[in-house]
Amino acid sequence: MFRITFSKAHVKQFKHELEKAYIRGDKRAIRHLSVLMMIGCSLTLEKILLIWNVSQQTVYNWLSDFLAYGWNSLEYQKVPGRPPRLTKSQKRQLAEWIESGPEACGYATGCWTSILIQDLIFQKFHVLYNRFYVCELLRNLGFSFQKARFVSDHLDEEARQLWMKQEFPKIFRQAKQMSASLFFGDEASFALWGSLSYTWARKGQQPQVKTTGLRKGYKVFGAIEFFSGRLIYQGTQERFQSNSYQSFLLHLLSQVSGKIILIQDGARYHTSKATREFFEQHKDRFIVHQLPSYSPDYNPIEYLWKKVKTKATHNRYFAEFVKLLQSVEEALNVFASQTKEILRLMGIYSNYMADSVPA
């Protein structure tokens, strides 16, 4: 245990300087300040050495320098010349580590930041890059800073691969041989309070969009056809349940002639006893296939719902429910007339698009 203590003012200043060090990406200052702050917070020497992987003598040197020279001891002279460059093989290795994720590299987070990658490069290659240069390096390696998305921990990647490599090719051939329509079905809810998206605003002034705050929504069942890009949909104010889903399926039957192959997810009202009985009663028209669990990215209509929300509800205020209904219906009508736009949503199945002709 150290016999020296710092005042609260010193500890507060350490934290302030540490924040600035993180912003400018100064790895040396981050380590130096963190150690001094931990001393000020009465952490044991053993714990400090374990956390920062520095020698006991280094800690004593930093402490002695600070006592002798104060804040000036934290200033580092800029190393002349350009920073040492990683070799091509090191860059390839770095890219592999980044793609494997931070947790695989020993970090307790699911997302990379430039500071973490700066630390990774330093730990693995003993090269200390400026944080901003790390961003440039990542762009040159083909990476970009993106918003992450949640993926269920129940996701079965083996089942997903099986679907894409074996199940869908079978379904595709089945549809071609039977001259059947191949639909992807799903549903979406459009809330009366609208939806938010990014917009320009003054720094420090968060933009505001009015809302009624009423928890009411317009529900839409829909299906898009793989070969033609046709959109068939039906809106309702009822809850998503077996009865309302069957009502949409009857509407689908009335709009399409011949056999219908329907690909759907595992929502409860899609697979309920009542819905299964419905499909059995109409097995002369319907052939149903299930998507793998937790795989909305395999259903192209999911991307259509995002486009409809962008057009119909993003940053919009609806004082009355009828206004919401009209806006959603107008957007759906527009997309229903743009079959080429809907066909572009099938991109994940693009290997089969070249062989696709209207059924």
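This is a predicted model: local features need pLDDT of at least 70, side-chain atom pairs count only at pLDDT 80 or more; totals for chains, interfaces and linings use all residues.
## The largest pocket

Start with the open space: the largest pocket holds about 690 Å³. Its lining counts 20 residues, and the ones closest to the centre are Cys111, Trp112, Ser144, Phe145 and Gln146.

Which elements give two or more residues to that lining? They are α5 (88–100), α6 (114–125) and α7 (131–140). Of the elements, α7 gives the most, with 3 residues.

## Where α2 meets α4

Next up is a helix pair. Helix α2 covers residues 27–40 and helix α4 covers residues 56–69; they pack with their axes 10 Å apart, at an angle of about 80 degrees. Angles of 65 to 115 degrees count as roughly perpendicular, so that is the label for α2 and α4.

On the α2 side, the contact is made by Arg31, His32, Val35, Leu36 and Ile39, while α4 brings Val59, Trp62, Leu63 and Phe66. Sorted by class, this contact of α2 with α4 has 7 nonpolar residues, plus 1 polar and 1 charged.

## Aromatic rings

How many aromatic pairs does the structure hold? The count is 23. One of them joins Phe221 and Phe248, whose rings sit 5.8 Å centre to centre with 15 degrees between the planes. Planes under 30 degrees apart count as stacked, so this pair gets that label.

## A look at Phe143

Phe143 sits in the loop between α7 and α8 (157–178). Leaving aside residues up to four places away in sequence, Phe143 touches Ala95, Ile98, Glu99 and Leu138.

How far apart are Phe143 and Trp193 in space? Going C-alpha to C-alpha, the distance is 36 Å, and the two are 50 residues apart in sequence.

Note on methods. Residues are numbered from 1 along each chain as its sequence is written. Side-chain values use heavy atoms; hydrogens and water are left out. On a 1 Å grid over the protein atoms alone, a cavity is a set of points where a 1.4 Å probe fits but cannot get out, and a pocket is an open set with protein on both sides within 12 Å along at least five of seven lines; lining residues have an atom within 4 Å of a point. Grid points are joined across faces, edges and corners, and a volume is the space filled by probe spheres set on the points. Helices (H or I, at least four residues) and strands (E, at least two) are DSSP runs, numbered from the N terminus. Axes are lines fitted to C-alpha atoms, for helices over the stretch in contact, and angles run from 0 to 180 degrees between N-to-C directions. Angles under 35 degrees count as roughly parallel, over 145 as roughly antiparallel, 65 to 115 as roughly perpendicular and the rest as oblique. Contact means heavy atoms within 4.5 Å. Ala, Val, Leu, Ile, Met, Phe, Trp, Tyr, Cys and Pro count as nonpolar, Asp, Glu, Lys and Arg as charged, and the others, Gly among them, as polar. Rings of Phe, Tyr and Trp (its six-membered ring) pair if their centres lie within 6.5 Å; planes under 30 degrees apart count as stacked, over 60 as edge-to-face and the rest as tilted.
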